Amino acid sequence: MLQITQVAFRRRLISAIALPIILLLLLSGVSIWQITRLLSAMRWVDHTDRVIGQANHLQKLLLDIETGVRGYQITGIPEFLEPYQQASAQIDTAFDQLGDLIVDNPKQVKRLKNIESAQITWYKSISQAITRKQRGEVEPLSGLKYRKQITDAIRRQIADFIATEEQLRNQRAEMAQKNTQRVIFTSVILSIGIGGFIGYFIQWQLAKVSQSYENALLTAQEQTENAQRSAQRLVALHDIDRAILAADSIELLLRTALAQMQQLVPYQQAFVALFDFDTGIGRIIAGNSVTGELPYPEGTQIPLADFALEQSLQQVFYYIEDLTDSNTCITILAQLRSRGIRCCLCIPMLVEQTLIGELYLTTTQIAAFDTQTHDIAREVTAQLAIAIQQSLLREQLQSYALELEQRVRDRTADLEAANQELEAFTYSISHDLRAPLRTIQGFAQALLEDYSDQFDTVGQEYIHYITEGAVQMDTLIADLLAYSRLSRVDIQLNPVDLTSIVEAALKQISTQIQEQHAQITVNSPLPPVIGHRPTLIQVVTNLLSNAIKFVKPGIQPKVEVYAQEQQHWIHLWVIDNGIGIAPEHQERIFNVFERLHGVETYSGTGIGLAIVRKSIERMGGRTGVESQPDLGSHFWIALPKATFHAHGTNKSNSAGSSN
Ligand code: ADP
């Protein structure tokens, strides 16, 4: 826009300068042309003067010839012939020069030719008269008369010639004068005309130029103001955005945003109604008022029929400059009018083409909102609609999350209860199973001892199987009881000396060590840890027992036990030279009943490592294994380090008393 105005301004400026220059050039051209014509006319006058002068000179020469001859005839003195001689010498040149001057005038050329031929005849007679006189003869009267006739004729002809030229000169002088007058007249008229026109044109152009300059200035000013307004608008919209982001409830969000919008839109009261199409109710959710009073207090419920829903949807928004002038049948507008409101702008809140509510901006002044404020209000309303929608979704999400949390808590409680029930059941079953098992074992033993003679070897073998099965089952039940007890008993953590733990464990499996000729190396002293002594003895016993057990037949089990300190943790390693464990099984062997071999190959219940992991977890530690098939296994447990003095002196910071 500004560029267009500048171009127009430049064009006008150029035409304001160019046209006067062209007109002045035209005037100069006309003047030069007229002056050239005038000069040419004057040259002709001058030329005619020169012709007349030359004719007079010729006449004078003829007179000189005549006078010289006469003087000589009368006196006979040769000196009197001097004018005759001088004139005779010039006469031909004089004729030629005159001829040159009148070459453009055929009439005069002819006349001059006649004069010249008469002059030749005349001159001949004069020459004869001079010769006669020189001879002393007297010229006859007839000769004199004849020469007089010729002289008169020549004189007449020259006089006619000069008269013609004079007439010509007068005509030309008159024409030159007329030309001069015409030049002066036309120059004055043209100068006045063109000068006046240029003056008027320049004045007109200057007015136009200053008008377009003013327009350009106004446009620039307008654009600057627009840019400033846009910047202000951006800042305010940004503030509204921030308010929307910062608010933690829809009401607060709307109040803050509406207060910010007041800087851009001069409303007195603004309020937002949210629609519930299921109940047919619109609720005034929040508002802002510069007068301190809202037309409807927050929370007011209004039937949806009172709003102008259809109209607002069709028109995107509606604006009533003066409510007192409009015959509205919309209840809410009639109510606003009855409360003294004059001007109202209503903008629907749409989320993905779905109407969720309306924003009302009202004031007691007529026509208070211009198109710019309409745009701003629409823009802010669109943002608010999205923010409300998001807020509603967030609230919905929060309630879902709370509900979900509650459900998880309930399920966990149910699960814990079920688990406890199951453990109690396992415990009681395991416990109760032991009594009949003892009976089986006892009676099998009694059969062997008291009635062995009544059984053949096969019968006795069966009784052995019964006893073995009962022992196996007893071990399983004992392990199960130990495992389920781990979840039930209260484990008190204290500093315990690992050396004494390993010693106690070794004592428990001494028979197994002797039977398998196992070689156990303990790198004592081992450091103290925080743990539960009896549980820890069970853990180490299980690890050592496995280390001796899972060895290929015929190989002497060699086990090494040592401790390693890592920051505040003590790692106890049990390293064997056994069959090793493939990497894919190294994690699952810590689960209950997970065994990699049949009972016939290696005896066991599959509960030992599960007890290890659960026990260590209950003591706040970790367990693991590093192994390769056929290359032995490196089992480890990690427990927090304790400062412990031998022989029971406890200097640890840990809570609890020693067991
Ligand atoms: P159990 O010893 O009664 O079979 P565990 O829970 O103690 O049960 O061990 C589970 C399985 O892990 C064992 O059956 C065995 O296959 C494997 N395992 C445990 N310790 C070792 C070890 N030191 N070397 C090789 N395999 C082992």
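These legends accompany a set of close-up views of a predicted model.

**View 1. Helices H4 and H8 side by side.** Let us start with helix H4 (residues 141–246) and helix H8 (residues 371–450). Their axes come within 11 Å and cross at roughly 20 degrees. An angle under 35 degrees counts as roughly parallel, and H4 and H8 are therefore roughly parallel to each other. The crossing in which H4 passes H8 is right-handed. On the H4 side, the residues in contact are Arg229, Arg233, Leu237, Ile240, Asp241 and Ile244. They meet Gln372, Asp375, Ile376, Glu379, Val380, Gln383, Leu384 and Ala387 of H8.

**View 2. Helix H4 against helix H5.** Here H4 packs with helix H5 (residues 250–261), the axes lying 8 Å apart at an angle of about 170 degrees. That angle makes H4 roughly antiparallel to H5, since anything over 145 degrees falls in this class. From H4, the contact takes in Asp239, Ile240, Ala243 and Ile244. Their partners in H5 are Leu253, Thr256, Ala257, Gln260 and Met261.

**View 3. A nonpolar patch on the surface.** Which residues form this patch? They are Leu422, Phe425, Ile429, Leu433 and Met473, and together they have about 440 Å² of accessible area. Helix H8 gives the most to the patch, with four residues. Phe425 is found in this helix.

**View 4. Helices H10 and H12 crossing.** The axes of helix H10 (residues 498–508) and helix H12 (residues 533–549) come within 8 Å and cross at roughly 55 degrees. That makes H10 oblique to H12. H10 and H12 cross in a right-handed sense. H10 makes the contact with Leu498, Ser500, Ile501, Val502, Ala504, Ala505, Leu506 and Gln508. H12 brings Arg533, Leu536, Ile537, Val540, Thr541 and Leu544.

View 5. Side chains of opposite charge can pair when their charged atoms come close. In this view, the side chains of Arg70 and Glu66 meet in a salt bridge, with 2.6 Å from N to O. How far apart are Arg70 and Glu66 in helix H1 (residues 2–75)? They are four residues apart, so about one helical turn separates them. The count for the model comes to 15 salt bridges, with a cut-off of 4 Å between side-chain nitrogen and carboxyl oxygen.

View 6. Take a look at the backbone where Ser524 joins Pro525. Is this peptide bond cis or trans? The bond is cis, with omega near 0 degrees. Pro525 has its place in the loop between strand S8 (519–522) and strand S9 (528–531).

**View 7. Positive phi at Gln353.** Gln353 is not a glycine, yet its phi is positive, at about 65 degrees. This residue sits in the loop that runs between strand S5 (343–351) and strand S6 (354–363).

Conventions
Residues numbered from 1 in each chain as written. Predicted model: local features only at pLDDT ≥ 70, side-chain atom pairs only at ≥ 80, totals over all residues. Heavy atoms only, no water. Patch = residues over 30% accessible without salt bridge, like charges linked within 9 Å, V, L, I, M, F, W, Y side chains within 5 Å. Areas by Shrake-Rupley, 256 points an atom, 1.4 Å probe, with all protein chains shown as cover. Helix = DSSP H or I, 4+ residues; strand = E, 2+ residues; numbered from the N terminus. Axes fitted to C-alpha atoms, helices over the stretch in contact; angles between N-to-C directions. Parallel < 35°, antiparallel > 145°, perpendicular 65-115°, else oblique. Left-handed = near helix turned anticlockwise from the far one by under 90°. Contact = heavy atoms within 4.5 Å.
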